[in-house]
Each structure stands twice: as C-alpha cells, then as structure tokens.
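Here is a friendly note to read alongside the model. Please keep the viewer open and look up each residue as you reach it.

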Amino acid sequence: MLSNWERFMTKNYKKVRERCRKGIPPSVRPRAWLYLCGGKLLLEQRRNLYAQLAAQDGDPRWVDDIRKDLHRQFPYHEMFIDQEGHGQQDLFHVLKAYSILNTSVGYCQAQAPLAAFLLMHMPAEQAFWCLVSICDKYLAGYYSQGMETLQVDGDILFGLLKKVTPSVYKHLKKQKVEPILYMTEWFLCVFTRTLPWDTILRIWDMFLCEGVKIIFKVALVVLKFSLGRQGILKRCPTMYETLEVLRNPPQEILEEEFVVYQMHRLNLSDEDFEYEHQRQLAKRRAAKENGKRSGRRFSGSSSTARRLSPSATSQGDSHLTAIGENSEVAILAAVAVNPRETFTNHAQVNRHQQTSLADKYELGDKYPFSIHSIIKHGNKKPGEWYGPHS
C-alpha cells in the first residue's frame, strides 16, 4: 500500500481508512503516519530545510521556554530520561525549528508532548514535518493568540454532546461548566497526556487518516462514560467534583478496544458535524453583531464573551492574560490543561493574519486541513477534501 500511496489515497481511500481503523501494524506505523499527514510530501519538497532551521539560534524567548519543558515530556521514558541524551536534544531541535518556521505561533507548551510522541516513532526530521502538518493543518488556529478556534471546537463538542448523551449535557450546562475547562488538554495534546499507550496509538492511526473529528469522538466517549455511569452525576453536586471526574476518568473506559468500539457506536453522521459547525459559527456571528450594536467588544465563543490568551513575561516566567470579561475562566482553563504548571502560548498574531503552509510550500490539493474544512466533507476520499482552508 505504501509503495502505491498516491493510487490508494486517490482511488481507494476507504481501504486506507479501514486499515487505519483496525490499527496500523507497529512495523509500518512510522512510515504510514508520515504518509498520512502529508509529512513526506513536505520533507521531499524542503529536503534540507529542517537541518538549516535546527542550526539556527532561534528566538531567545522560545528557546528558554522550550528548554524548561524538555524534561517534562514522558519523563520516565528511556528516550527522555537523560538531559544530555539524544531524545531531549532532538526534541529541543524539533520544537526550536518549528518556532523559527512559524514565527506567528512560535512555541506553545502543548506542542512539546506531540513532538516527543512523534520522536518515539521516527527520526527528528520526519517528526518535525509531521509536527508542522499537525499544528498548522489538522489543528490550525489551536495555538494562536486567543485560541478562538479551540473555543469554537469546544462549543461544537458541547453541541454534539447533547445528541450523544443528553443527561451529561444537561448536567454540565446546569453547572455552567465551559468546554474549555475540560477539553483543552485533550484537543491541544491529541490525548497524548490522557490515554494509555495502546489507546493513543490506535487513536493516532485514525486521527492522521480521518482528521480532527476523531478527537471529537474520543472526547465524547470519555464524557459519556465518565459522567454517564449510574450514580456518578449525583456524586457531582458542584463544578469541582465534575471536573475532578473528567480529569481522572476510570481506567476501564480508556482501554483501547473499549474506546474504539464506543467511537464507532456513536450515533453521529457527517451531517451532524457539519450542522453543529455551522450552528456554532452562526451563533458567534450573531453574538458579534449584538456586541457591536450594544457598543461592547465581542471576545469569546460563549454567552459570557470571554477569551483565553496565555502569554509570557519578558523575564520568561509564564502568566495568563484574560482578554474579556472573566479572567477566572482563563485561569481555570490553564489549570485544566496542567494542574501543576501554568500553560504557556507565545502566539503573536491572530490566526487570520497567518500565511498558510499551503501557500508557503505550494502543496496544492494534497494537504489535510483542520476541522473547519474536514468535517464538511466527512468520509469522502482525500482528493475531495484536501484543499484550501475555508
């Protein structure tokens, strides 16, 4: 299949998807991931670019923060135990190279576990181009200032939850638990800090093949079976207990076969994803227009009009800046990502001001994009849903 990749992806995509859903064999997984995400295409078009970027000094702001995060990524894995070992060194070069390539985003702490996870499966140069593909296309806008795309996707997730498990939806709505409080780490880190190892591998097999909707489906399974079990909602009288359950889901519902089986059982069609996507965008447009008419600045995706904008101080210490009416939500969202550390994002410009990688590298119609184009086309073959970000 890999030897005839273009033919399979353009003429027999369903076969590729079926193989990915069953689980890619470990012996071919690194190559398959590289092909699936478009990393091989990027690597071939810019064969020497990674080496050039890795040799540069980089922006001191990002370099300092990257160094601080190196030892936190899979600290018990033999590849990253030694501070001077090749694992941490490769991780440093990959993250630094990305911060140089995409100066509008720079470095975000949530990118580190993605890069480390990729490095466990492939050489640094291949891991770098896979990271570029994931951050700039699959998760486009997630790491930008304000994280507006992440907030929109949180609202989409909440809307889909109403269809999947109404009781959990009503519980979260009654307690006013914003999606950003529990889904941030799941989406930004693509579950690399949440799921058991075998489950992560299966999820990534599907994620790189089918796109961001896989993250939504996993999140819905976790929400449904964490809070939807008998008697759990009664034991969660406040937001605190609810978030504790979501931060520590029962191990049995995170097992590989259970998650994959329940994902396929979700009663969600491609039309459901598209409908909820359009509905949330319409709600945001209406809220923005109402804000203009009332003379207030619209700055969020929910009724409380709030926005999360993590940044860093000139001294290199992390802090949070909330742009909007409620800074408490920004702080809680950061804690939801990492209870022990402050979440950091050094994005400098809004996602709408960025030049897309498709423009930079002239990738044409062979590059996968984020949910805002993927979910509109569902399970059509790649030639029909690879295209400019809309």
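**Notes on the model**

1. Val190 sits in the loop between H12 and helix H13 (197-210). Its phi is near 50°, a positive value in a residue other than glycine. Most residues other than glycine have a negative phi.

2. A word on where this comes from. The model is predicted, so local features need pLDDT of at least 70 and side-chain atom pairs count only at pLDDT 80 or more, while totals for chains, interfaces and linings use all residues. Residues are numbered from 1 along each chain as its sequence is written, and side-chain values use heavy atoms, with hydrogens and water left out.

3. Lys176 also has a positive phi, near 55°, and is a residue other than glycine. Is Lys176 buried or exposed? Lys176 is exposed, because its relative accessible area is 65%. Look for Lys176 in the loop between helix H11 (166-174) and helix H12 (180-188). Helices in this note are DSSP runs (H or I, at least four residues), numbered from the N terminus.

4. Now turn to helix H3, which spans residues 29-36 and is mostly covered, with six of its eight residues buried. Those buried residues are Arg29, Ala32, Trp33, Leu34, Tyr35 and Leu36. Just after H3 comes Gly38, which takes a positive phi of about 90°.

5. How many salt bridges does the structure hold? There are 13 of them, where a salt bridge is a side-chain nitrogen of Lys or Arg within 4 Å of a carboxyl oxygen of Asp or Glu. Side chains of opposite charge can pair when their charged atoms come close. One of the salt bridges joins the side chains of Asp205 and Arg29, at 2.8 Å from N to O. This pair links distant parts of the chain, since Asp205 is in helix H13 and Arg29 in helix H3, 176 residues apart. Asp205 counts as buried because its relative accessibility is 0%. Arg29 has a relative accessibility of 7%, so Arg29 counts as buried too.

6. The side chains of Arg202 and Glu256 meet in a salt bridge of 2.7 Å, N to O. That pair also links distant parts of the chain: Arg202 is in helix H13 and Glu256 in helix H16 (residues 256-265), 54 residues apart. A salt bridge also forms between Arg202 and Glu257, at 3.4 Å from N to O. Here the partners, in helix H13 and helix H16, are 55 residues apart. Arg202 counts as buried because its relative accessibility is 9%. Glu257, at 53%, counts as exposed.

7. How many disulfides does a search of the whole structure find? The search finds zero, with a disulfide taken as a pair of cysteine sulfur atoms within 2.5 Å. For Cys135, the nearest cysteine sulfur is that of Cys108, 8.2 Å away. Cys189 has its closest cysteine sulfur in Cys108 as well, at 7.9 Å, which is too far for a bond. Cys135 is buried because its relative accessibility is 3%, and Cys189 is buried because its relative accessible area is 0%.

8. On the surface, Lys162, Lys170, Lys173 and Lys283 gather in a patch of positive charge. Patch residues have over 30% relative accessible area and no salt bridge, with like charges joined within 9 Å, and the place of a Lys charge is taken as NZ. Lys283 is found in helix H17 (residues 270-293), and Lys283 counts as partly exposed because its relative accessibility is 46%.

9. Finally, find His93 in helix H7 (residues 86-101). His93 is partly exposed, with a relative accessible area of 25%. The C-alpha atoms of His93 and Glu125 are separated by 9.5 Å, and these residues are 32 apart along the chain.

Notes: Patches are made of residues with over 30% relative accessible area and no salt bridge: like charges are joined within 9 Å, nonpolar side chains (Val, Leu, Ile, Met, Phe, Trp, Tyr) within 5 Å. Accessible areas come from the Shrake-Rupley method with a 1.4 Å probe; for residues, only the protein chains shown count as cover. Lys and Arg count as positive and Asp and Glu as negative; His and the chain ends are not counted. Helices (H or I, at least four residues) and strands (E, at least two) are DSSP runs, numbered from the N terminus. Buried means under 20% relative accessible area, exposed over 50%, partly exposed in between (1.4 Å probe, protein chains only).
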